[in-house]
Amino acid sequence: MNDRRTIQSPPEPSGPADPPSAPGSSSTREAILDTAERLFAEKGVEGTSIRDITGTAGVNLGSINYHFGSKLDLVTAVFMRRLEPITQRQMAFLDEVEREAGDKPPRLEALIEAMVRPSVEKSFASGKRNTAFMRLVGRFYGDPDPEVERQIRAQVEKVWKRFAGLLSRTVPGQTGEGIFWRIMFMAGTFHHTMLTMGRREGTIPPEVRKGLDAESLIRRLVTFIAAGMRAEL
């Protein structure tokens with residue numbers, strides 16, 4: 001598979017930035033999202049009030065209402081800000097894998113990499129682990145909000161369906177049940193790994209954490225998951 005870093009996300013629209021203090025400015029919206037993400041990860045969604053967010057972000061209630069309307073809409077926006085670019089890149093990578101395969105079965109390692117690389121790279125943006133979002137995802141899987149879960153499912157389900165279709169060509173002879181369990185175990189491995197990466201110091205041995213970067217984590221995940229996909233279940 002080609003170097004995935006050659007696929008770039010669409011450029012952000014250019015234009016003059018709004019003053020940070022303006023309630024309707026894009027910088028205010030990003031400050032709210034950054035703060036909400038961090039507080040939701042630390043205290044949970046239920047344990048974080050709108051007052052906590054406005055006080056920490058240095059904005060007023062009107063800014064929350066202007067950009068999001070409600071706390072539920074804010075929670076959804078926090079997730080969608082991270083998930084939408086990830087699912088877009090996953091679909092682009094799956095397109096690439098399918099093009100390279102042609103009439104042949106897609107390469108298993110390439111399929112797995114197409115799914116894990118966007119999330120890992122997003123979590124290691126600018127060379128730093130995005131621990132807040134990884135911890136938030138872990139909290140969410142433990143105690144999901146039904147409405148937020150519905151919207152997240154709508155965002156990610158189309159990608160996993162596409163992956164399942166390609167996987168059935170790659171691991172021939174498997175029934176729908178066999179594909180289901182392989183995807184279930186893959187998702188469990190990946191989500192637990194990302195949750196562990198997002199925990200505070202002490203969870204991972206210092207010598208492991210010191211040498212951890214996006215590429216090494218992707219390589220380990222792809223190798224491990226591919227072996228499980230090929231196993232007799």
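Trainee: Which residues form the nonpolar patch on the surface?
Mentor: Phe-180, Trp-181, Met-184, Phe-185 and Leu-233, with about 530 Å² of accessible area together. Patches take residues with over 30% relative accessible area and no salt bridge, joining like charges within 9 Å and nonpolar side chains (Val, Leu, Ile, Met, Phe, Trp, Tyr) within 5 Å. Areas come from the Shrake-Rupley method with a 1.4 Å probe, and for residues only the protein chains shown count as cover.
Mentor: Keep in mind that this is a predicted model, where local features need pLDDT of at least 70 and side-chain atom pairs 80 or more, while totals for chains, interfaces and linings use all residues. Residues are numbered from 1 along each chain as its sequence is written, and side-chain values use heavy atoms, leaving out hydrogens and water.

Trainee: Is Trp-181 buried, partly exposed or exposed?
Mentor: Partly exposed, at 38% relative accessible area; buried means under 20%, exposed over 50%, and partly exposed in between (1.4 Å probe, protein chains only).

Trainee: New topic: how many salt bridges are there?
Mentor: The structure holds 14, each a side-chain nitrogen of Lys or Arg within 4 Å of a carboxyl oxygen of Asp or Glu.

Trainee: What does Arg-82 pair with?
Mentor: Glu-37, at 2.8 Å from N to O. Both Arg-82 and Glu-37 are buried. Arg-81 also forms a salt bridge with Glu-37, with the closest N and O atoms 3.8 Å apart.

Trainee: And what about Arg-153?
Mentor: Its side chain meets that of Glu-149 in a salt bridge, 3.7 Å from N to O. Arg-153 is partly exposed, at 45%, and Glu-149 is partly exposed, at 29%.
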